[in-house]
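Please look over the sequence and the structure below before reading on. The report that follows is meant to be read with both at hand.

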Amino acid sequence: MERTFRQQLFFLLLCLSVLKGDLRYVQVRGTQLFFKKIQVMYSRCVDMVAVEGQFTFTAESPQLSCAAFFMAEPNEVISVEYDRVDIDCSGGDFITVFDGWVMKGEKFPSSQDHPLPLYERYVDYCDSGSVRNNVRSSQNVAVVFFRIHSAGSSFTLTVKKHINPFPCNVISQSPEGSYTMVIPQQHRNCSFSIIYPVAIDISEFSLGRRNFPKRSLPGCVESGDYVQLLGGNGIDTSKLLPITDLCISFTGPTHMKIGCENTVVRMVSSGNFVSRVSFSYRLLNNQELQTIKLNNVEDFCFNN
């Protein structure tokens, strides 16, 4: 049976939380799970990597649909360098780095929010390994897809993190925290994705101009500078449903509880102003989720 989106995200984020300690104990609905810290030599077909280092994958058997999901801090980007590759490109093997994440056919960042066209976000070793052996992401997440047909084939990658002075498009590592998103007079769209149901407080929003409506009215989108709150059960922001739009500068809390599997703060900038939004978020508890399920306004999060 195919895993649900929530189960897939839970598995990846569970792996991520485990990586932050040598050994972690996790309680999941009464089930006790134990994990050990990732080793630099490994053979798992699907993995989450949140640390820098050199990683070698050796196939113990044919591995035809594998992926390693890389994640850094919000203010970092990721570089992936091919150190040694022993695969059969002519036999159908491949290693492909994708600038972002792909899950169930959906991509983060969406094509609307990423600076590169989709075809440039895929870098295949078999096509460009001798020309381009180092790939750098545009945001704090990247993924390596690979297919290996023969046992014993292997490859080694070096993963590094680099400071990004103006982060744009982030997947949060944690279900709680605070963040300030700034777009410095650039025509671009930036999204902060929280793949948990959360309560979110927007404490400050500044666009450098006034006299626009605050709440979700047609004028927000037409203004060219606004912030959206989106919710849904996938990672592609272009497929999420709008919860509200903000398009006037203000200070003071705007509080919402969103029971979706993915909550996104998305800022759209015309490039005419320095745009800034500050917010904090926390995981909703079970009682809050049950209350939201009874609310017809946000029921779409549970029915899609």
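## Basis of the report

This is a predicted model, in which local features need pLDDT of at least 70 and side-chain atom pairs count only at pLDDT 80 or more, while totals for chains, interfaces and linings use all residues. Residues are numbered from 1 along each chain as its sequence is written, and side-chain values use heavy atoms, with hydrogens and water left out.

## An open sheet

Helices and strands are DSSP runs numbered from the N terminus, a helix being H or I with at least four residues and a strand being E with at least two. Two strands are said to pair if DSSP finds at least two bridges between them. In general, strands of a sheet pair through backbone hydrogen bonds, either parallel or antiparallel.

In this model, five strands form an open sheet with mixed pairing, and their order is 15-17-22-19-20. Its edges are strand 15 (170-171) and strand 20 (241-246), each of which pairs on one side only. Within the sheet, strand 19 (residues 226-232) runs antiparallel to strand 22 (residues 262-270), and seven bridges join the two. Leu230 stands opposite Val264 of strand 22.

## Aromatic rings

Rings of Phe, Tyr and Trp (its six-membered ring) pair if their centres lie within 6.5 Å, and the pair counts as stacked when the planes are under 30 degrees apart, as edge-to-face when they are over 60, and as tilted otherwise. A search of the whole structure finds 11 such aromatic pairs. In one of them, the ring centres of Phe146 and Phe155 are 5.0 Å apart and the planes are at 70°, so this pair is edge-to-face. Phe146 and Phe155 are both buried, where buried means under 20% relative accessible area, exposed over 50%, and partly exposed in between (1.4 Å probe, protein chains only).

Tyr179 and Phe279 form a tilted pair, with 6.1 Å from centre to centre and 55° between the planes. This pair links distant parts of the chain, since Tyr179 lies in strand 16 (residues 177-184) and Phe279 in strand 23 (residues 274-283), 100 residues apart. Tyr179 is buried at a relative accessible area of 14%, and Phe279 is buried at 2%. Tyr179, Phe192, Phe279 and Tyr281 form one aromatic cluster.

## A buried loop residue

Ser153 is found in the loop between strand 13 (141-148) and strand 14 (154-163), and with 11% relative accessibility it counts as buried. Leaving aside neighbours within four places in sequence, Ser153 is in contact (heavy atoms within 4.5 Å) with Phe57, Thr58, Ala59, Asp86 and Ile148. Ser153 and Glu60 are 93 residues apart in sequence, and 8.4 Å apart in space from C-alpha to C-alpha.
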